[in-house]
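Colleague: I am new to this structure and would like to go through parts of it by question and answer. Please show me the sequence and the model.

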Amino acid sequence: MTACPAPSPTHERSHGAAYVALRPGPNGGRLDRLHQRGSAKAFLHPGASGPEIVMLNTSGGLTGGDRLCLRLDLGAGCRATGTTQTAERAYRSTGGAARVTVHHRVEAGAHLDWLPQETILFDGSHLDRDTTIDLAGGASCLMLEAVVLGRAAMGETVTRTTLRDTRRITRAGRPVLVEPLHLTTEALTAGPAVLNGARAFATLALVAQGAEDAAGRVQALLDEPGVTGGASGFDGRLVIRLMAGDGWPLRRQVTRLVSALRPGPMPRVWQI
């Protein structure tokens, strides 16, 4: 699996890596390999759309110097859902960035739904995350990333943060979607060209043959109160972008969209 950078030697920091590989088998695939180290854990259970692989960071959150690596490998013809047990939390950092590396590989004819729950950024957080999904020819995926700037119900306000969040999907070695995001403190109060006061935002991308055909159906679902969004499709990809005043209406909108784009209900941990 991809090597995870070593933690800072000057402070005790969280360091974890989890790797799951599936090979062809009944009900979407069978477990072939499982590796867990440090604060990262993974467990599997049956789902309506194949195995559900749930990743867990037992440290309870991320702060400066922490390292987390997550990887899924799906063999040819497998179908599975990857998610996280709960929302990931990036706490105030006093020593550089927390770094998260996510790297999934999907072989020919396989499909991955990568549907992690929200990332919550707390005041003073500093998070660097890199997510890559490598698709073989004929493979497909549905990828979600959602970010919430503090919990409104808890009265939390984010006045400073740094987020570098790069997402990329390749197919047969060629880039299909590359989305680098650099969110700084200045962006929190920027106008309509940036967040425009939103406290939560998400990107949902479907890469599959004919994905663009779902654009009209998805656009008809972009009516959740408190959420603005848009969808566009072209050449085997569909990209949806959402912004909201809080994480809860964003979650409702995401749930409706995902349910329309894949068979079966949301992952079980999303329903708890």
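This is a predicted model: local features need pLDDT of at least 70, side-chain atom pairs count only at pLDDT 80 or more; totals for chains, interfaces and linings use all residues.

Colleague: Why is β5 described as largely enclosed by the rest of the structure?

Modeller: A residue counts as buried under 20% relative accessible area. The strand is largely enclosed because of how many of its residues are buried: eight of the eight.

Colleague: How many bridges join β5 and β8, and in which sense do they pair?

Modeller: Strand β5 covers residues 67-74 and β8 covers residues 98-106. Leucine 68 has valine 100 of β8 as its bridge partner, and cysteine 69 stands opposite threonine 101. The two strands pair over eight bridges, and the sense is parallel.

Colleague: Which residue of β5 is the bridge partner of alanine 21?

Modeller: Strand β1, residues 15-23, also pairs with β5 in the parallel sense, over eight bridges. Within β5, the partner of alanine 21 is aspartate 73.

Colleague: Which strands stand at the edges of the sheet?

Modeller: The sheet is open and has seven strands with mixed pairing, in the order β2-β1-β5-β8-β11-β13-β14. Each edge strand has a single partner, so one side of it is left without a neighbour in the sheet. From one strand to the next, the twist averages 5 degrees. The edge strands are β2 (30-38) and β14 (174-183).

Colleague: Is serine 140 buried or exposed?

Modeller: Serine 140 is in strand β12, residues 140-149. Beyond its neighbours within four places in sequence, serine 140 is in contact with residues including Val106, His111, Leu135 and Val207. Its relative accessible area is 13%, and the cut-off for burial is under 20%. Serine 140 is therefore buried.

Colleague: What is the relative accessibility of leucine 242?

Modeller: Leucine 242 lies in strand β17, residues 237-244. Leaving aside neighbours within four places in sequence, its contacts include Ala200, Phe201, Leu222, Val254 and Leu257. Leucine 242 counts as buried, because its relative accessibility is 3%.

Colleague: What separates the C-alpha atoms of leucine 242 and glycine 230?

Modeller: Along the chain, leucine 242 and glycine 230 are twelve residues apart. Gly229 is one of the residues in contact with leucine 242. The separation between the C-alpha atoms of leucine 242 and glycine 230 is 6.8 Å.

Key:
Residues are numbered from 1 along each chain as its sequence is written. Side-chain values use heavy atoms; hydrogens and water are left out. Helices (H or I, at least four residues) and strands (E, at least two) are DSSP runs, numbered from the N terminus. Buried means under 20% relative accessible area, exposed over 50%, partly exposed in between (1.4 Å probe, protein chains only). Contact means heavy atoms within 4.5 Å. Two strands pair if DSSP finds at least two bridges between them. Axes are lines fitted to C-alpha atoms, for helices over the stretch in contact, and angles run from 0 to 180 degrees between N-to-C directions.
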